[in-house]
Amino acid sequence: MRILPRAALLAALAALVSSCASRGPDGADWAGYGGPTETHYSPLDQINAGNVGKLGLAWHYDIDTGGSSLTAPVAVDGILYFAGGLSVVHAIDATTGKLLWRYDPEVGAAAGQKLRSAWGSRGVAYAHGKVFTGTIDGRLIALDARTGKPVWSVMTTGKDDGRYVSGAPWVFKDKVIIGHGGADFAPVRGYVTAYDQATGKQAWRFYTVPGDPAKGFENKAMAMAAKTWTGQWWKYGGGGTAWNAMAYDPKYNRIYIGTGNGTPWNRKIRSPGGGDNLFVCSIVALDADTGAYVWHYQTNPGESWDYNSAMDIELADLTIDGKQRPVILHAPKNGFFYVIDRETGKLISARNIVPVNWAKGIDQATGRPIENPEARFPDGKAAIVYPSPYGAHNIEAMSFNPRTGLVYIPAMDQGRVYVDPPGPLDKWTFLSGQRISNGIGAPPPGLTPRPPSAALIAWNPVTQREAWRIPLTGMRGGGGTATTAGNLLLEGRATGQFTILAADSGKLLWSFDAQTAVMAQPITYLAKGRQYVTVIAGSRFPTAQGFAPEWNYTTQKWRVLTFALDGKDRLPAPDTSVPPYADDAAFNVDPAKATAGGGIFAQRCAICHGAGALSGGAAPDLLRSPIPLDGAGFTAVLHEGLLAPRGMPRFEELSPAEIDQLRHYIRQRAREASAAEAARLAVKREQDAGQ
């Protein structure tokens with residue numbers, strides 16, 4: 001028998017302890033974002049294709065925290081943990097729905113302008129008796145899982161540096177790692193930081209793009225990456241933020257980081273001489289103990305379309321050409337599905353899952369895309385590029401079932417017009433206090449992508465072929481997925497259903513009316529020996545999706561929904577009333593002020609309240625809100641942060657004249673929307689009368 005060296009033995013024991021502490025026995029717990037296997041797959045089969053018809057609602061819990069409902073819960077030892085809205089962490093008895101404790105980090109008071117960048121937390125993590133959560137203002141907080149009391153808190157970003165935390169932490173061994181976002185809003189340089197789980201002491205930090213060469217490089221990886229940039233990129237930050245998915249691989253003791261787009265999107269601005277711009281839009285493998293660079297795979301060298309690789313990084317073992325291979329499964333925004341060797345970082349295969357035109361394919365020998373030069377909108381010429389910045393696959397989680405061999409992807413097919421912004425590119429700059437243009441100009445008249453669509457796609461990663469697909473309603477029709485050994489595929493839909501399909505065939509087995517969109521990923525776990533399924537429901541759409549009516553922030557309920565066999569709970573009847581468009585007949589709209597207000601709204605407000613002020617339910621519908629009718633109240637919200645605890649940021653830089661212009665724009669849009677709705681209802685009445 002071979003005796004391992006002491007260091008290797010300790011490392012193996014630590015990995016085993018971490019696996020047990022973080023993943024639970026035989027999938028009983030779901031302790032992190034990716035579940036027991038980092039693939040949103042559960043080996044549980046107590047609920048299965050044969051008995052799922054008996055599934056019923058076991059309990060529900062209404063969330064009232066403000067902010068986003070797109071968050072992934074975790075479950076350990078019969079307790080469900082989740083962060084509602086602005087990282088307000090809840091602990092709930094998973095068998096009864098009883099609230100055990102709640103911790104509010106008071107993000108609204110701490111975040112300042114960072115509230116403008118994100119809607120809330122997308123998840124928490126559990127390890128060694130602690131729940132870990134990030135906050136928009138940049139903190140990473142460890143809570144005692146029994147009491148909800150803070151154990152430690154560290155600032156992972158700088159004050160007012162444009163960085164914010166909305167993604168879930170990842171736990172591995174004795175460490176917890178967190179990244180951040182911000183590259184779409186400020187000159188941000190991306191990094192990830194690992195901390196000691198017990199103390200919060202920083203263990204290591206890895207920057208994802210190089211900084212100013214005059215200040216020296218942190219390591220050889222940054223010196224290597226700097227050779228792929230040109231100009232004075234560091235003045236723009238560079239981007240490459242790790243704001244969403246990661247994965248820990250105990251086989252190689254590595255943490256894989258998915259990185260975001262460059263800052264700004266347009267490479268002609270940030271790196272005018274071209275270059276791959278490492279490590280934007282990449283998977284970067286790091287040594288889990290030291291944070292040292294191991295390898296990288298870049299899905300979009302020198303990208304200009306916001307095709308970041310911050311989507312799921314799922315770990316699997318596949319039999320390819322008769323040989324078992326440890327692989328990464330990855331479907332970033334750019335429309336291709338990648339199978340990558342986990343040991344070496346080399347491409348095994350790649351194929352597009354939706355129509356794309358930015359590239360003809362991926363070169364198997366080099367792993368690089370075969371680009372269409374016209375997609376880079378050269379010489380000021382506009383181009384319609386597929387996919388759009390929303391991506392073929394976004395943050396709604398995909399999942400992999402080793403029994404069926406299929407990956408389940410909430411996919412989108414839509415395009416966008418790309419063109420350079422007006423004026424000299426070397427004069428482009430960030431606009432203070434508002435959402436930036438990202439270095440992309442307004443589309444020229446008459447250039448319009450085809451209508452968007454969405455689908456749930458079952459994809460075979462070995463053959464790189466579609467097994468089946470289900471068309472979905474809406475531009476972003478599918479929510480996150482999870483899959484189980486019971487031949488089940490769990491998935492929510494933008495139209496308000498939570499469904500369970502046969503994982504092998506896609507046959508609909510069961511459906512539940514959630515009374516609102518279900519876009520977060522579900523989880524499944526054991527509590528007192530009984531299998532439960534939990535998902536958090538609520539619209540995450542900032543803008544209208546084309547539903548009639550749209551999800552309404554005022555009347556819809558954001559809820560934790562938990563199901564079990566023979567569950568007997570029932571949801572109360574939904575409030576189907578639609579608040580009327582708010583108006584004051586004495587308010588005379590000034591067209592010039594409304595036009596100016598429309599520009600302000602697009603820059604500062606549309607990201608949450610909807611393009612054209614048409615809300616999709618993630619934030620209040622300002623066209624139906626009485627607040628803009630009251631000049632003093634509207635000013636109090638914008639200048640004094642009256643609603644900051646609910647996630648509404650301050651805009652103290654707005655002048656009284658600009659606030660007045662916003663009020664005129666909102667009133668104009670309310671009257672236009674009211675007239676359009678009246679016309680639609682009149683047509684419907686005529687149609688009904690003729691039947």
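This is a predicted model: local features need pLDDT of at least 70, side-chain atom pairs count only at pLDDT 80 or more; totals for chains, interfaces and linings use all residues.
Me: Which residues is Thr-228 in contact with, leaving aside its neighbours within four places in sequence?

Reply: Contact means that heavy atoms come within 4.5 Å. Beyond those neighbours, Thr-228 is in contact with Gly-274, Gly-275, Asp-276, Asn-277 and Leu-278. Residues are numbered from 1 along each chain as its sequence is written, and side-chain values use heavy atoms, leaving out hydrogens and water.

Me: Where does Thr-228 lie, and is Thr-228 buried or exposed?

Reply: Helices (H or I, at least four residues) and strands (E, at least two) are DSSP runs, numbered from the N terminus. Thr-228 lies in the loop between helix 3 (220-226) and strand 15 (238-239). Buried means under 20% relative accessible area, exposed over 50%, and partly exposed in between (1.4 Å probe, protein chains only). Thr-228 counts as buried because its relative accessibility is 15%.

Me: One of its partners was Asn-277. What is the phi of Asn-277?

Reply: Asn-277 has a positive phi of about 60°, although it is not a glycine. Asn-277 is in the loop between helix 4 and strand 19, and with a relative accessible area of 0% it is buried. Gln-515 is also not a glycine, and has a positive phi of about 70°; Gln-515 is in the loop between strand 36 (508-513) and strand 37 (523-527).

Me: Which residue does a cis peptide bond join to Leu-278?

Reply: The cis bond joins Leu-278 and Phe-279, with omega at about 5°. Phe-279 sits in the loop between helix 4 and strand 19 (282-287). A cis peptide bond also joins Thr-263 and Pro-264, where omega is about -10°. Pro-264 is in the loop between strand 18 (262-263) and helix 4 (267-270).

Me: How should I read a polar contact? Which side chain joins that of Thr-299?

Reply: Look for a pair of N or O atoms within 3.5 Å; within protein, one must be able to donate a hydrogen and the other to accept it, and residues adjacent in sequence count only if both atoms are side-chain atoms. The side chain of Thr-299 makes such a contact with that of Ser-309, at 2.6 Å. Thr-299 is in the loop between strand 20 (293-298) and strand 21 (313-320), and counts as buried at 1% relative accessibility.

Me: What does the side chain of Lys-333 reach?

Reply: The side chain of Lys-333 reaches the backbone oxygen of Pro-389 at 2.9 Å. Lys-333 belongs to the loop between strand 22 (323-330) and strand 23 (336-341). Lys-333 is buried, since its relative accessible area is 5%. Leaving aside neighbours within four places in sequence, its contacts include Asp-306, Tyr-307, Tyr-390 and His-393.

Me: Which residues touch the most other members of the largest nonpolar core?

Reply: A nonpolar core is a set of buried Ala, Val, Leu, Ile, Met, Phe, Trp, Tyr and Cys residues joined through side-chain atoms within 4.5 Å. The largest one has 46 residues, and Tyr-256, Leu-329, Phe-337, Trp-358 and Ile-409 touch the most other members. A second, separate core has 37 residues, among them Val-52, Trp-510, Trp-558 and Ala-564.

Me: How do I read the length of a helix? What is the reach of helix 8?

Reply: The expected span is 1.5 Å times one less than the number of residues. Helix 8 (residues 656-690) has 35 residues and reaches 52 Å from its first C-alpha to its last, close to the expected 51 Å. Its buried residues, including Ile-659, Leu-662 and Tyr-665, pack against helix 5 (591-604) and helix 7 (631-640).

Me: Which residue caps the N-terminal end of helix 5?

Reply: Asp-590 is the cap, with a side-chain oxygen 2.9 Å from the backbone nitrogen of Ala-592. The buried residues of helix 5 include Ala-594, Gly-597 and Phe-601.

Me: How many helices and strands does the chain have, and what is its mean pLDDT?

Reply: The chain has eight helices and 39 strands. Its mean pLDDT is 92, and 95% of its residues reach 70 or more. Over residues 6-25, however, pLDDT stays under 50. Of the 691 residues, 61% count as buried.

Key. pLDDT is the predictor's confidence in each residue, from 0 to 100.
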